[in-house]
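I opened my notebook to look up how this chain is put together. Here are my entries, in the order I made them.

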Amino acid sequence: MASKEKPLFPILFYNARGLGEAIKKVRRLRGVTQQELSQWSKTSVKFISNVENGKETAEIGKILTLLRVLDVGMNLTNLRLED
């Protein structure tokens, strides 16, 4: 019988911690170290660690760069219930 593993994407998150966990999951899936990601994104390992640990004051432009380097993106979802 075929395995029914949950697909990785989309990854839903609702706060900085969830975004950080998603970035960490994708980074590991891609086989990329924090050091490599920092070099490719021109950020520091400390910055990546802060993001992956949910630091709420991390610079959004740099976070978007991390996502581009990891070949992922974000989209907005309407969370309001429709009548």
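I counted four helices and zero strands in the chain. Helices (H or I, at least four residues) and strands (E, at least two) are DSSP runs, numbered from the N terminus. Along the sequence I read the pattern α-α-α-α. The C-alpha trace spans about 45 × 40 × 20 Å along its principal axes.

**Ground rules.** I am working with a predicted model, where local features need pLDDT of at least 70 and side-chain atom pairs count only at pLDDT 80 or more, while totals for chains, interfaces and linings use all residues. Residues are numbered from 1 along each chain as its sequence is written, and side-chain values use heavy atoms, with hydrogens and water left out.

**Before α1.** I looked up the peptide bond from F9 to P10 and found it cis, with omega near -5 degrees. P10 sits in the segment before α1 (16–29).

**α2 against α3.** Helix α2 covers residues 34–41 and helix α3 covers residues 45–52. They pack at an angle of about 110 degrees, and their axes are 8 Å apart. That makes α2 roughly perpendicular to α3 (the class for 65 to 115 degrees). Axes are lines fitted to C-alpha atoms, for helices over the stretch in contact, and angles run from 0 to 180 degrees between N-to-C directions. Which residues make the contact? I listed Q34, Q35, L37, S38 and S41 of α2, with V45, I48, S49 and E52 of α3. Contact means heavy atoms within 4.5 Å. By class, I noted three nonpolar, five polar and one charged residues. Ala, Val, Leu, Ile, Met, Phe, Trp, Tyr, Cys and Pro count as nonpolar, Asp, Glu, Lys and Arg as charged, and the others, Gly among them, as polar.

**The loop between them.** I found K42 in the loop between α2 and α3. Phi of K42 is near 55 degrees, a positive value in a residue other than glycine.

**α3 against α4.** Helix α4 covers residues 60–69. α3 and α4 pack at an angle of about 90 degrees, with axes 11 Å apart. That makes α3 roughly perpendicular to α4. I saw F47, I48 and V51 in α3 meet K62, I63 and L66 in α4. This contact has five nonpolar, no polar and one charged residues.

**A charge over a ring.** Where does K62 lie? K62 lies over the face of F47, at 5.5 Å from the ring centre. The rule asks for NZ of Lys or CZ of Arg within 6 Å of the ring centre and within 35 degrees of the ring normal.

Terms used: Angles under 35 degrees count as roughly parallel, over 145 as roughly antiparallel, 65 to 115 as roughly perpendicular and the rest as oblique.
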